[in-house]
Amino acid sequence: MADTQKAGYGSQLMAYILDFCKIQKATKLWCNARVNAKEFYFKFGFHETDKTFFKDGYDFVVMEKEL
């Protein structure tokens, strides 16, 4: 997996998901983001909530974006 990181696939997938949500007339999108990957979601206009949890050795935060 490390060889695909920083290749732009995540950004392409996020752009597709955001377009799909708009077509579906969704009003909010949320995700469970690894705390060390928050900056990726900030780039797309997500904001950090106060909901956090720990799973499989990683800290997560729920990120949301109003559409």
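Guide: Start with Lys28. This lysine is partly exposed, with a relative accessible area of 38%. The model is a predicted one, and every value here is computed from it.

Lys28 has a partner in Glu66: their side chains meet in a salt bridge, 3.7 Å from N to O. Lys28 lies in strand β1 and Glu66 in strand β3, so this pair ties together parts that are 38 residues apart in sequence.

Lys28 also meets the side chain of Glu64 in a salt bridge, again listed at 3.7 Å, N to O. Glu64 belongs to strand β3, residues 58–66, and Lys28 to strand β1, residues 28–34, so the pair links parts that are 36 residues apart in sequence. Which class does Glu64 fall into, buried or exposed? Glu64 counts as buried, at 13% relative accessibility. The cut-off for buried is under 20% relative accessible area. Lys28, at 38%, is partly exposed.

The whole structure holds three salt bridges. One of them joins Glu48 and Lys38, with the closest N and O atoms 3.3 Å apart. Glu48 sits in strand β2 (residues 47–55) and Lys38 in helix α2 (residues 38–43), so this bridge ties together parts that are 10 residues apart in sequence. Glu48 counts as partly exposed, at 38% relative accessibility. Shared partners join Lys28, Glu64 and Glu66 into one salt-bridge network.

Now place these elements in the chain. The protein chain has two helices and three strands. Read from the N terminus, the order is α-β-α-β-β. Among the contacts with a separation of 6 or more, 55% are between residues 24 or more positions apart. The C-alpha atoms fill a box of roughly 35 × 30 × 20 Å along the principal axes. The chain has 67 residues, and 25% of them count as buried. Its accessible surface comes to about 5300 Å², with 55% of that belonging to carbon and sulfur atoms.

Next, the aromatic side chains. How many aromatic pairs does the structure hold? There are four. In one of them, the ring centres of Tyr41 and Phe46 are 5.7 Å apart and the planes stand at 85 degrees, so the pair is edge-to-face. The angle cut-off for that label is over 60 degrees. Tyr41 is buried, with a relative accessible area of 16%. Phe46 is buried too, at 4% relative accessibility. Both rings belong to one aromatic cluster, formed by Phe40, Tyr41, Phe44 and Phe46.

A charge and a ring also meet elsewhere. The charged end of Arg34 sits over the ring of Tyr58, 5.7 Å from the ring centre. Arg34 falls within the residue range of strand β1, and Tyr58 within that of strand β3. Those two strands also carry the Lys28 and Glu64 bridge.

Ile17 is found in helix α1, which spans residues 9–23. Ile17 is partly exposed, with a relative accessible area of 31%.

Most residues other than glycine have a negative phi. Lys25 is not a glycine, yet has a positive phi of about 60 degrees. Lys25 is placed in the loop between α1 and β1. This lysine is exposed, with a relative accessible area of 70%.

Asp56 also has a positive phi without being a glycine, at about 50 degrees. The loop between β2 and β3 holds Asp56. At 68% relative accessibility, Asp56 counts as exposed.

Back to the starting point. Lys28 in strand β1 pairs with Glu66 in strand β3. Lys28 also pairs with Glu64, and the three residues make one network.

Definitions and conventions:
Residues are numbered from 1 along each chain as its sequence is written. This is a predicted model: local features need pLDDT of at least 70, side-chain atom pairs count only at pLDDT 80 or more; totals for chains, interfaces and linings use all residues. Side-chain values use heavy atoms; hydrogens and water are left out. Rings of Phe, Tyr and Trp (its six-membered ring) pair if their centres lie within 6.5 Å; planes under 30 degrees apart count as stacked, over 60 as edge-to-face and the rest as tilted. Buried means under 20% relative accessible area, exposed over 50%, partly exposed in between (1.4 Å probe, protein chains only). A charge sits over a ring if NZ of Lys or CZ of Arg is within 6 Å of the ring centre and within 35 degrees of the ring normal. Helices (H or I, at least four residues) and strands (E, at least two) are DSSP runs, numbered from the N terminus. Contact means heavy atoms within 4.5 Å. Accessible areas come from the Shrake-Rupley method with a 1.4 Å probe; for residues, only the protein chains shown count as cover. A salt bridge is a side-chain nitrogen of Lys or Arg within 4 Å of a carboxyl oxygen of Asp or Glu.
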